[in-house]
Amino acid sequence: HSKMGQTPLPPARRVDTPSAQRALEGDNGEVDYTWVANYSLKFQGCHNIPRWNEYANDEDDVRVSNTALVRFRLCPSNDCSTDSAYGCKSGYGDYVVSMDTYLNAYFESVQQDQEYNCEYAMNYECNCADGGDDNYSEEMCQYDCYMNKGMEYCVENNPYAEEGAEEEEKQDIREMAECQQFEAQNNNNNNNNNNNNNGGEQVEYFMGPHCSDDGSAIRMGLFTDDECTIFADSNNGATTYASLTYGASMPYATTTLVGTECMSCKEPQDVDQNNNNDQQDADEVKEGCEQLYEASAKCEAGLSGSIQYPDNSGCNFMQGIKIIRKNGNVYSVGSSKNKTATVFIGLFGAGFVLLAGYSYYLKTKLERAKINLSE
């Protein structure tokens with residue numbers, strides 16, 4: 001389990017006035033998130049912030065590790081554009097949260113939507129009721145329907161596979177949300193070769209998400225530390241991964257774990273009870289969106305007039321995490337430039353040049369005076 005989730009974000013603002021507190025809380029004392037149901041989640045970019053690793057005790061532990069942050073936006077669902085990198089340009093709130101928190105909530109929301117889509121297709125689109133034929137297979141009908149619709153995620157088993165054939169085990173994408181120890185399957189020979197290349201010492205590897213260099217994507221990498229900070233090689237660990245898995249490609253090494261689509265925060269209306277716990281509440285807001293909202297630093301200046309008490313406690317923090325778009329690409333920079341400091345640096349530099357020039361003038365004048373005296 002990675003310690004990266006312990007991210008130094010600004011705490012959520014506490015509303016102390018009785019009228020504001022009543023406005024924010026429902027009858028049961030819980031915070032009112034009902035307005036979030038009308039908004040959609042839009043990924044804005046990610047950013048790494050170096051931090052001191054207080055858990056580093058051993059000599060080989062990483063002293064400075066990265067805290068990965070994700071910036072996202074809540075856009076009005078009827079105005080959110082998947083094609084736009086911004087999602088929307090008015091009536092929105094901006095938020096920052098730790099990457100593992102974002103991934104866990106995002107994957108939960110994706111799973112909730114997928115379960116609803118599978119159930120809806122099976123009940124209303126696939127038409128796989130028993131056809132009365134002894135050779136008819138409802139399981140095959142459902143399989144064909146899902147595959148034709150591009151809904152492979154609905155398929156649990158392949159009914160066309162030979163009996164007893166071992167099917168490829170699906171990897172749970174939710175396991176990729178955190179930095180975890182990597183254990184390659186059936187690779188004893190590769191482990192032995194790896195030990196020989198490292199002086200006989202057993203090398204541990206860890207696999208986890210990381211922010212791409214331009215901040216536009218969250219990808220998987222292979223690392224040599226349990227904080228997922230030091231890549232196993234110059235190819236973000238993909239080369240080492242291939243050597244440990246007989247040439248297999250590391251999942252999501254070049255593609256992103258999260259999409260840039262507008263994901264509605266409203267719960268699906270007609271899901272069955274397999275969608276677990278969140279349908280028991282009455283707020284119509286997905287559990288994942290609630291989790292993100294609770295955990296995030298907030299800058300809701302764009303929501304003034306849309307919600308009664310916008311929270312702007314995280315705006316200053318976000319000023320240091322710029323997400324810049326150039327020609328459709330996303331770039332993240334550590335902090336905004338300080339104009340005052342820039343002016344003083346410029347004046348100091350100019351003064352230094354003038355002083356150096358004056359010193360050279362005096363030196364030349366003294367040398368000429370010495371020559372005249374010697375004559």
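This is a predicted model: local features need pLDDT of at least 70, side-chain atom pairs count only at pLDDT 80 or more; totals for chains, interfaces and linings use all residues.
**Entry 1: aromatic pairs**

I looked up the ring pairs and found 13 aromatic pairs in the structure. I took Phe-72 and Tyr-95 to begin with. Their ring centres are 5.3 Å apart and their planes meet at 20°, so I logged the pair as stacked. Phe-72 belongs to strand E2 (residues 64-76) and Tyr-95 to strand E3 (residues 93-98), so the contact ties together parts 23 residues apart in sequence. I then checked burial. Phe-72 has 2% relative accessibility and counts as buried. Tyr-95 is buried too, at 0%.

Next I took Tyr-106 and Phe-107. This pair is edge-to-face, with 6.0 Å between centres and 65° between planes. Tyr-106 is buried at 7% relative accessible area, and Phe-107 is buried at 3%.

Which cluster do these rings belong to? I find Phe-72, Tyr-95, Tyr-106 and Phe-107 in one aromatic cluster that also includes Trp-35, Tyr-39, Phe-43, Tyr-102 and Tyr-293.

**Entry 2: charges over rings**

I looked for charged ends above ring faces. Lys-298 lies over the face of Tyr-293, a cluster member, at 4.8 Å from the ring centre. I also noted Arg-73, whose charged end sits over the ring of Tyr-92, 3.6 Å from its centre.

**Entry 3: disulfides**

How many disulfides does the count come to? I get nine. I followed up three of these links, as below.

Cys-46 and Cys-211 have their sulfur atoms 2.1 Å apart. The link is right-handed, with 90° about the S-S bond. Cys-46 is buried at 1% relative accessibility, and Cys-211 is buried at 5%.

Cys-80 and Cys-262 also form a disulfide, with sulfur atoms 2.1 Å apart. I read -80° about the S-S bond, a left-handed link. Cys-80 sits in the loop between E2 and E3, and Cys-262 in the loop between helix H5 (238-244) and strand E7 (263-264), 182 residues apart. Cys-80 is buried, at 16% relative accessible area; the cut-off for buried is under 20%.

Cys-128 and Cys-141 have sulfur atoms 2.0 Å apart. The torsion about their S-S bond is about -80°, so I logged the disulfide as left-handed. Cys-128 is in the loop between helix H2 (99-124) and helix H3 (138-148), while Cys-141 is in helix H3, 13 residues apart. Are these two cysteines buried or exposed? I find Cys-128 and Cys-141 both buried.

Conventions. Residues are numbered from 1 along each chain as its sequence is written. Side-chain values use heavy atoms; hydrogens and water are left out. Rings of Phe, Tyr and Trp (its six-membered ring) pair if their centres lie within 6.5 Å; planes under 30 degrees apart count as stacked, over 60 as edge-to-face and the rest as tilted. Helices (H or I, at least four residues) and strands (E, at least two) are DSSP runs, numbered from the N terminus. Buried means under 20% relative accessible area, exposed over 50%, partly exposed in between (1.4 Å probe, protein chains only). A charge sits over a ring if NZ of Lys or CZ of Arg is within 6 Å of the ring centre and within 35 degrees of the ring normal. A disulfide is a pair of cysteine sulfur atoms within 2.5 Å.
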